[in-house]
Protein chains: 2
Amino acid sequence: MPNHAMLRRQWRKARRTAFWLALLLPLAMAIGSAVALFLWALERATQARFDLPWLIWLMPVAGFAMVWAYQRFGGTSGAGNNLIVDEIHQPGGGVPLRMAPFILVSTVLTHLVGGSAGREGTAVQIGGALAGGLGRRLALDPASLRILLICGIAAGFGAVFGTPLAGAIFALEVLMIGRIQYDALLPALVAALVGDWTVLAWGVGHVHYQISFIPTDVAGWFGVDLLLLAKVAVAGLVFGLCARAFAEASHGLTALWTRFVPYAPLRPVIAGVLILALVHALDTRAYLGLGVWSAIPGDPTLSGFLQPGQADYTSWFWKFLFTVITLSAGFKGGEVTPLFFIGAGLGVALGSLMGVPTDLMAAIGFVAVFAGATNTPLACVVMGIELFGATHAVPLAIGCFTAYAASGHGSIYGAQRVAVPKT
Amino acid sequence: MPNHAMLRRQWRKARRTAFWLALLLPLAMAIGSAVALFLWALERATQARFDLPWLIWLMPVAGFAMVWAYQRFGGTSGAGNNLIVDEIHQPGGGVPLRMAPFILVSTVLTHLVGGSAGREGTAVQIGGALAGGLGRRLALDPASLRILLICGIAAGFGAVFGTPLAGAIFALEVLMIGRIQYDALLPALVAALVGDWTVLAWGVGHVHYQISFIPTDVAGWFGVDLLLLAKVAVAGLVFGLCARAFAEASHGLTALWTRFVPYAPLRPVIAGVLILALVHALDTRAYLGLGVWSAIPGDPTLSGFLQPGQADYTSWFWKFLFTVITLSAGFKGGEVTPLFFIGAGLGVALGSLMGVPTDLMAAIGFVAVFAGATNTPLACVVMGIELFGATHAVPLAIGCFTAYAASGHGSIYGAQRVAVPKT
């Protein structure tokens, strides 16, 4: 029979739940709305870049302006995702609210002039900044603030890609290498779902990826194509090494910029000139911007890689180069969509080489390189399932887990801590 | 440029990988074969129980025999799943090889005479016993033995339910409440896949569950049925409380048996008589055995709950009662399939009450009660996706995460440790 102490405990629990819902629902709706605005502006900026080809010549100027503005007015915002992860591990100065408008405007500017960058960093920073701002306003205790920041990451990530379940798991998994803790399992899921729904409610859609390969197309052994899965494991190893190379190249190049170009706003000017030279030398604009779609027929794109029967051996490499130059120099934006492009492109290359349907391998590379570069294998498997359906859950898991195991302890997020070393 | 130290490190890594594959492949094939034998025998035993109705009168005798045999010859085997989890946390006397034949034979015997029990405990113990035996034979160091035991759990679980991805995650997630560590992410996946394939190769199939409800059937708000999901969250809370009640009732009843019936082999005799009396009083055999299917038309079954438009408010309760009596008294078998039955049955009841398609709610209850009782929310979401497809990933996650949050720190596995308390 329930006694008074138990009833009191249940009452406290119910009040706590109500408090969190009252906090999370408006926060996630605000984050979702900001992400919807961001996605809309990004689409407009990308369209404008195709409509007005001269815009890319402004790349050096835009780069200078954004790094200068960050230095002058951004406060600690420039630390980006790492600041949020650090604040979750060890509360310090907090995540400034201004991080949200800064990252939103500068990322759109990066894409307007053709920098090769992504979206998830921006969405995560919008989420973290709004969560941090709300937490400070309410003077939350450190434990609650920590949960709120995790929820901000989940809402931003879930909203920007339309993958709420992956967003919730990503927010917990990205904090440490080799360990997930369930501090905020349910709040993160609520935040990610509400963030995603808010984007939908604003009428902003996501690209629907689809791969046509279905496993019954191939000869199998009791329905299991062992050779295919062995090839996927080998590809996973390559995806992991590619992720590792990306993280190391990013950090290495950042160190070079710091050493040889002490005045930070000058770095994106030089990088912009470099990228314009590359565009001229390769005679293609395909590696600028997000790379999800292109107005120029024949360009390699993320969507294109997922079509069956592709053959492309080099696009992944050029996207890799464009992206590390862009981001290491200080242009703002995320790493993840370029990582999707690099992974899917490398998947097409490996699929062609190994005789595996390229659309399947592109889908695996899509999530596996990301899994290796951010050390979030579970979130990436779930994201793969949310994007491509459960049919391919086993090859997706083999790809992501192998890439995770092979990518070492490097990470595109320097603030990630090693909880359980990979062996 | 790679130098000698790096090459040596890569060579050591490759050798280590080859060593683990050489260890894991035969181990997982042996576990898969034993699980296939077990599933085959279980099917025969269940069929025999329907063909020869008098068999259930042997329940008291069979119970006496199995507990007596365990006491006399089983060594530490009687500790079951908890022994394996304990050995992973803190290597001690090891997991004895004889645990495998003991649990296999005694579980089949339980089902032959109609005890209400499951399969996963048996499969996990087969996996742990074979892994422990191999580790001892090879005199592995404690760290490697730990990984091997985790792989044994993964192979057993993945093989017995045909859900390899869930098996791999379950093996990592079940060890601690509130934390997953990636000690053995890739080895566990390999073991679970090979275990599952081995069962398929022996020609032993799994029950294919399917639910007909698809979300486009209902009115939605931007494709999201918020009311439905709110109801799922409330149901998740009830699933969690049911899981908590199951764990507490099991532990409480076990304590009562220990206190009032000191001679252990006598306990299942009394329990058997109790169950036979219940069968007589309720005039149904529907709550005996696995409950996945029944030869008697009209019986509530796990498969039946997943058909659309069911109405059943009490079956879950009777199954709950039959199962805690059976298992607490010392009959051998797992808890999970009865938990599936209880969850799916409770889902049907809640679905009817709340006006939610009962097949969807049954599918959510199927995994959510299990998630709450074992504190493995991620494995259960993935299992739900492997069984029912990705369409329902969001309601499955809401159900499992809520049930996990509501089930408290109780667990059907006493050896589970609390890493991160639920708040």
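Tutor: Start in helix 9 (residues 226-260) of chain B, where Arg244(B) and Glu248(B) sit 4 residues apart, so about one helical turn separates them. Helices here are DSSP runs (H or I, at least four residues), strands are runs of E (at least two), and both are numbered from the N terminus. Arg244(B) and Glu248(B) form a salt bridge, with their closest N and O atoms 3.4 Å apart. The term means that a side-chain nitrogen of Lys or Arg lies within 4 Å of a carboxyl oxygen of Asp or Glu. Side chains of opposite charge can pair when their charged atoms come close.

A word on the source. This is a predicted model: local features need pLDDT of at least 70, side-chain atom pairs count only at pLDDT 80 or more, and totals for chains, interfaces and linings use all residues. Side-chain values use heavy atoms, without hydrogens and water; residues are numbered from 1 along each chain as its sequence is written, while chains are lettered from A and ligands numbered from 1 in the order in which they are written.

Arg244(B) is partly exposed, at 23% relative accessibility. Glu248(B) is also partly exposed, with a relative accessible area of 47%. Buried means under 20% relative accessible area, exposed means over 50%, and partly exposed lies in between (1.4 Å probe, protein chains only).

Turn to chain A. There Glu248(A) and Arg244(A) meet in a salt bridge, 3.4 Å from N to O. They are 4 residues apart in helix 9 (residues 226-260) of chain A, so about one helical turn lies between them. Glu248(A) is partly exposed at 49%. Arg244(A) is partly exposed at 22%.

How do the two chains relate? A rotation of 180° with 0.0 Å of shift along its axis superposes chain B on chain A, with an RMSD of 0.0 Å. The copies are therefore related as by a two-fold rotation axis. The superposition is by least squares on the C-alpha atoms of residues with pLDDT of at least 70 in both. Of the interface residues of chain B, 100% are also interface residues in chain A, so the copies meet through the same surface.

Back in chain B, Arg146(B) and Asp183(B) meet in a salt bridge, 2.7 Å from N to O. This pair links distant parts of the chain, 37 residues apart. Arg146(B) is in helix 6 (residues 142-161), and Asp183(B) is in the loop between strand 2 (179-181) and helix 8 (185-201). Arg146(B) is partly exposed at 22%. Asp183(B) is partly exposed at 23%. Over all chains, the count comes to 4 salt bridges.

Key: Contact = heavy atoms within 4.5 Å.
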